Amino acid sequence: SIPEGADVYVDGVALPTRFGTARTPAMIPGISAGTHDVTFRLSGYISETKAISLEQGGYVTVYAILRTV
């Protein structure tokens, strides 16, 4: 996301890492195939949600430009 450092949620669930919640930029393995909503949240900015479709074994790049509140 722009700016970097936004928390990443998939289908409303914060994605944990060994360092806390996943933050942008991030590569997030283990998401099941299908349609998902990816949300970017950062304090002081309006959250943005993008719908994605992920194929089995595939990957997708998601971009978000967050606007200030």
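Biologist: What makes up the lining of the largest pocket, in nonpolar, polar and charged residues?

Modeller: The lining divides into 20 nonpolar, 7 polar and 2 charged residues, where Ala, Val, Leu, Ile, Met, Phe, Trp, Tyr, Cys and Pro count as nonpolar, Asp, Glu, Lys and Arg as charged, and the others, Gly among them, as polar. This is a predicted model, in which local features need pLDDT of at least 70 and side-chain atom pairs count only at pLDDT 80 or more, while totals for chains, interfaces and linings use all residues. Residues are numbered from 1 along each chain as its sequence is written, and side-chain values use heavy atoms, with hydrogens and water left out.

Biologist: Which strands supply at least two residues each of that lining?

Modeller: They are strand E1 (7-10), strand E5 (34-41) and strand E6 (48-54), strands being DSSP runs of at least two residues, numbered from the N terminus.

Biologist: Why is Arg41 said to lie over the face of Tyr9?

Modeller: A charge sits over a ring if NZ of Lys or CZ of Arg is within 6 Å of the ring centre and within 35 degrees of the ring normal; Arg41 lies at 4.0 Å from the ring centre of Tyr9 and is therefore counted as over its face.

Biologist: Why are E1 and E2 called a pair?

Modeller: Two strands pair if DSSP finds at least two bridges between them, and E1 and E2 have 2 bridges in the antiparallel sense, so they qualify. Val13 in E2 is the bridge partner of Val10.

Biologist: What is the order of the strands in the open sheet?

Modeller: The order of its 4 strands is E2-E1-E5-E6, with antiparallel pairing; strand E2 (13-14) and E6 are the edge strands, each pairing on one side only.
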